[in-house]
Amino acid sequence: MPPINVDDYRTLARRRLPRMVFDYLDGGADRERGLAHNRKAFDAFQLVPHRLADVSTRDQTVNLFGRTLPTPLVLAPTGLNGALWPDGDVILARAAAEAGIPFALSTASNCTLEEVAERAGGDLWFQLYVLGRSLAEALTKRALAAGYKTLVLTVDVPINGKRERDMRNGFAIPFRYSPRAVIDGALHPAWLMGQLRHGLPQLANFAVRGADDVNAQAALMKRQMDASYAWDDLKALRDSWPHTLIVKGLLRPEEAVRCVEFGVDAVVISNHGARQIEDAPSPLDVLPDFVRSVDCPILVDSGFRRGSDVVKALALGARCVLIGRPTLYGLAARGGPGVADVLRMLRTEIDTTLALIGCSRARDLGPDFIRRTDAVPRPPTAPV
Ligand SMILES: Cc1cc2nc3c(=O)[nH]c(=O)nc-3n(C[C@H](O)[C@H](O)[C@H](O)COP(=O)(O)O)c2cc1C
């Protein structure tokens, strides 16, 4: 049976990847209650259809930073894409370019930011982790020189969350050749052959002079996450970055308001796909508060698996949605065609949902199309 939804791609990804790699992709922080909560948050809302609306043509375009996106999706920044499929960063970036949507390249990518710009093109965003101020400055300058027009500062990783699956599996960079890891790899020959052909993935952006082996990169990653980075640093970043600046990882509307005061162009409400702390709110829980108080495009991610999830977020006031794991499942299962297929499925599901709720343009989505599942029904109006 060919895959018909994102969950099917998750199953295929689980089959193709060694357990250690699948767990890195799929897992969350602590006891992983956050993963379930992110999904449950969608159950708290229902879409309320309008009938007898002309939906013979549908338009799911949205505007973002003066551009029209053909669908309200962005590929979220994710590290170690090359562990899922060789050249994963370039494959994802090309699929995004093909679909006409932005791709955010992680600081922890396996291809350098310059290589992705050269080989993929499209609307490329660069996501910044601050591992140290001077390193961040150098990366920002490189992104600017390579032609990136959007910088995404991730603010929810002062340190890494406690990912227990990774701890149990001994998942780390550099990959450790424990007997278990070797057996795990050998049992997944399709994955193993790809990795052997291309060499184990490295944190390519850090393969710089004086730190050009994978151990040094790991040390950089662990030791230099700069947990002291704060509001003043954001101000300095704003002053130094001449193009669009997005802050990713907010869960408090008042901080989004402050970001706008600092000149930030958009925010991403995110709990990092429940990979940092398990009991944080889901973006959907807080989205209405953001919409009430923040005057900039609001992007969201964490837990989106269906087109109807995306439609709910737009009806609640989000401009567009960042997709993390779904396209990674596609990548891990089938490479580029898998990513393209997941994007096609999501677009089709968005289109179907728009038709079925009587909304011909995604831009017209609003509170009128959505209600809380536990909302008290309106009392019946008295007959006149
Ligand atoms: C395997 C993996 C790696 C990630 N790496 C990064 C990263 O390097 N930088 C970042 O800002 N967010 C990272 N994220 C978080 C995503 O950008 C996004 O917030 C999250 O995946 C959204 O949740 P979803 O996976 O449920 O769609 C990562 C997520 C996953 C699943």
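## Ligand surroundings

How many residues surround the ligand, and which are the closest? In this predicted model, the ligand is surrounded by 23 residues, and the closest of them are Pro 77, Ser 106, Thr 154, Asp 301 and Gly 303.

In the case of Lys 248, an N or O atom of the side chain is 3.0 Å from an oxygen atom of the ligand. Taken on its own, the ligand has 600 Å² of accessible area, of which the protein covers 98%.

## Aromatic pairs

Across the whole structure, a search finds five aromatic pairs. One of them is formed by Tyr 24 and Phe 171, which are stacked, with 4.8 Å from centre to centre and 15° between the planes. This pair links distant parts of the chain, 147 residues apart, since Tyr 24 belongs to helix H2 (residues 19-26) and Phe 171 to the loop between helix H7 (164-169) and helix H8 (179-186). Both Tyr 24 and Phe 171 are buried.

Phe 126 and Tyr 148 form an edge-to-face pair, at 6.0 Å centre to centre and with 75° between the planes. This pair, too, links distant parts of the chain, with Phe 126 in strand S6 (residues 124-128) and Tyr 148 in the loop between helix H6 (133-145) and strand S7 (150-154), 22 residues apart. Phe 126 and Tyr 148 are both buried.

## Arginines over rings and in a helix

Two arginines lie over aromatic rings. Arg 258 is placed over the face of Trp 231, at 4.4 Å from the ring centre, and the charged end of Arg 372 sits over the ring of Phe 45, 4.9 Å from the centre of that ring.

A further arginine, Arg 16, is part of helix H1 (residues 6-16). Is Arg 16 buried or exposed? Arg 16 counts as buried because its relative accessible area is 14%, which is under the 20% limit. The C-alpha atom of Arg 16 is separated by 43 Å from that of His 50, although the two residues are 34 residues apart along the chain.

Asp 87, located in the loop between S4 and helix H4 (88-99), has a positive phi near 70° although it is a residue other than glycine. Asp 87 counts as partly exposed because its relative accessibility is 27%, a value that lies between the 20% and 50% limits.

Ser 302, in the loop between S10 and helix H14 (307-315), is not a glycine either, yet has a positive phi of about 105°. With a relative accessible area of 6%, Ser 302 is therefore buried.

Definitions and conventions: Residues numbered from 1 in each chain as written. Predicted model: local features only at pLDDT ≥ 70, side-chain atom pairs only at ≥ 80, totals over all residues. Heavy atoms only, no water. Phe/Tyr/Trp six-rings, centres within 6.5 Å; stacked < 30°, edge-to-face > 60°. Helix = DSSP H or I, 4+ residues; strand = E, 2+ residues; numbered from the N terminus. Buried < 20%, exposed > 50% of the residue type's maximum accessible area, 1.4 Å probe, protein only. Lys NZ or Arg CZ within 6 Å of the ring centre and 35° of its normal. Near = heavy atom within 4 Å. Polar contact = N/O pair within 3.5 Å; in protein donor to acceptor, adjacent residues only side chain to side chain. Areas by Shrake-Rupley, 256 points an atom, 1.4 Å probe, with all protein chains shown as cover.
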